[in-house]
Amino acid sequence: MASKQQFAEEVRKAFEEAKNIPKDKLIFTYNGVLYPAATCDSDTFKAIESFETRDDDLMLVAYPKCGSNWAMMLLHSIVHTVHNKEPPPIIPLIEFRAANKLERLKAEPSPRALGTHLNYDYIPQSFFEKKVKMLVVFRNPKDTAASLFHFYNNNPMLPTYNSWDDFFPDFMAGKVIFGSYFDHAVAWNKHLDDTNLLLTFEDMKEDLQGSIKKISEFFGLSLTEAQVNEISDKGTFKFMKENSKQTHGEFGKVIFRKGEVRDWKNHFSEAQSQEMDAKFEACLAGTKIGEMLKYNVHCKW
């Protein structure tokens with residue numbers, strides 16, 4: 001696998017190249033969904049359709065800005081602790097473009113910790129045929145929207161929005177990268193079973209040690225209390241943000257922003273809050289995902 005220095009250099013080059021890409025070319029549509037052109041392309045999407053999974057693969061699935069980078073770093077820390085396996089320095093999302101990526105993943109020793117932002121319907125079928133265990137991470141939709149707004153505006157690889165009021169209707173309509181949050185949540189709610197574990201961003205904020213134990217036990221990775229404590233100490237959002245330049249290069253300051261719950265109140269108008277309340281009620285009220293998100297606790301005006 002590439003070194004951390006090589007990864008940081010790849011990110012730097014991507015940032016520089018993005019400056020010369022016209023704004024209307026920074027995102028593209030594939031199967032009716034928007035994706036970032038700097039990290040995804042149709043060739044990669046077609047290639048991963050035949051991705052070869054393994055029975056012992058560890059898969060993390062999350063809509064963008066729901067805590068995927070945080071959860072993935074926790075998962076890599078658990079794998080490293082149990083198997084003494086160094087985490088790959090590339091961003092391990094299967095849909096992200098990288099030179100010789102599939103060959104490099106094929107050569108990587110087990111267990112492989114993989115990730116994706118793809119909707120359930122677009123994940124390669126081999127993951128389901130092999131019944132690969134999947135950790136599914138969600139965050140309340142209001143904080144997700146606020147975080148994704150800043151991700152757009154702080155990321156040179158994506159177009160910027162003039163204001164939150166311009167961004168909000170696009171988020172609600174699913175006209176953002178990786179599609180509709182609610183489409184993702186509704187699809188996954190239909191497929192939460194014994195091979196999937198649902199964890200929320202709010203879970204990790206409220207009980208990080210408990211979340212680490214849930215992840216390790218779900219994947220059959222045994223940790224001692226001392227190991228849980230050690231991973232927890234270095235697994236707080238604050239610690240990861242402070243060390244993000246070393247782990248993610250320049251991209252670190254883009255993906256690790258506040259990591260707070262209820263930051264949405266700094267963005268939403270009361271009317272926008274009510275609009276999302278109605279959308280949540282229509283799509284997720286009474287569902288397992290809806291219950292675990294504790295919407296009435298974290299998202300009421």
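The following legends describe close-up views of a predicted model.

Local features are given where pLDDT is at least 70 and side-chain atom pairs where pLDDT is 80 or more, while totals for chains, interfaces and linings use all residues. Residues are numbered from 1 along each chain as its sequence is written, and side-chain values use heavy atoms, with hydrogens and water left out.

**View 1. The protein chain as a whole.**
The protein chain holds 17 helices and six strands. Helices (H or I, at least four residues) and strands (E, at least two) are DSSP runs, numbered from the N terminus. Of the 301 residues in the protein chain, 55% are buried; buried means under 20% relative accessible area, exposed over 50%, and partly exposed in between, with a 1.4 Å probe and protein chains only. Among contacts with a separation of 6 or more, 74% are between residues 24 or more positions apart, where contact means heavy atoms within 4.5 Å.

**View 2. The open sheet of four strands.**
The strands of this open sheet follow the order E4-E3-E5-E6, and their pairing is parallel. Two strands pair if DSSP finds at least two bridges between them. E4 and E6 are the edge strands, each pairing on one side only. On average, neighbouring strands of this sheet are turned by 25 degrees against each other, direction ignored. Strand E3 (residues 58-62) is joined to E4 by four parallel bridges, and Leu-58 has Ala-113 in E4 as its bridge partner. E3 also pairs with E5 in the parallel sense, again over four bridges, with Met-59 opposite Met-134 in E5. H3 packs on the sheet and touches E3, E4 and E5, its direction making about 165 degrees with that of E3. H10 packs on the sheet as well, touching E5 and E6, and its direction makes about 170 degrees with that of E6. For such angles, axes are lines fitted to C-alpha atoms, for helices over the stretch in contact, and the values run from 0 to 180 degrees between N-to-C directions.

**View 3. The hairpin of E1 and E2.**
Strands E1 and E2 form a hairpin with two residues between them. In the turn, Asn-31 has a positive phi of about 50 degrees. Strand E2 (residues 33-36) runs antiparallel to E1, and four bridges join the two; Thr-29 has Leu-34 in E2 as its bridge partner.

**View 4. The crossing of helices H6 and H7.**
Helix H6 (residues 141-154) packs against helix H7 (residues 164-173) at an angle of about 120 degrees, and their axes are 10 Å apart. H6 is therefore oblique to H7; angles under 35 degrees count as roughly parallel, over 145 as roughly antiparallel, 65 to 115 as roughly perpendicular and the rest as oblique. The crossing of H6 and H7 is right-handed: a crossing is right-handed if the near helix is turned clockwise from the far one by less than a right angle, and left-handed if anticlockwise. From H6, residues including Leu-148, Phe-149 and Tyr-152 meet Trp-164, Phe-167 and Phe-171 in H7. The contact of H6 with H7 has nine nonpolar residues, one polar and no charged. Ala, Val, Leu, Ile, Met, Phe, Trp, Tyr, Cys and Pro count as nonpolar, Asp, Glu, Lys and Arg as charged, and the others, Gly among them, as polar.

**View 5. Helix H10 and its surroundings.**
Among the buried residues of H10 are Leu-208, Ile-212, Ile-215 and Phe-218. The buried residues of H10 pack against helix H3 (68-83), strand E5 (134-138), strand E6 (196-200), helix H9 (201-206) and H11.

Helix H10 (residues 208-218) and H11 pack with their axes 9 Å apart, at an angle of about 120 degrees. This angle makes H10 oblique to H11, and the crossing is right-handed. Leu-208, Gln-209, Ile-212 and Lys-213 of H10 make the contact with Glu-225, Val-228, Asn-229, Ile-231 and Ser-232 of H11. By class, the residues of this contact are four nonpolar, three polar and two charged. Glu-230 lies in helix H11 (residues 225-233) and counts as partly exposed because its relative accessibility is 48%. The C-alpha atom of Glu-230 is 9.6 Å from that of Ser-77, although these residues are 153 residues apart along the chain.
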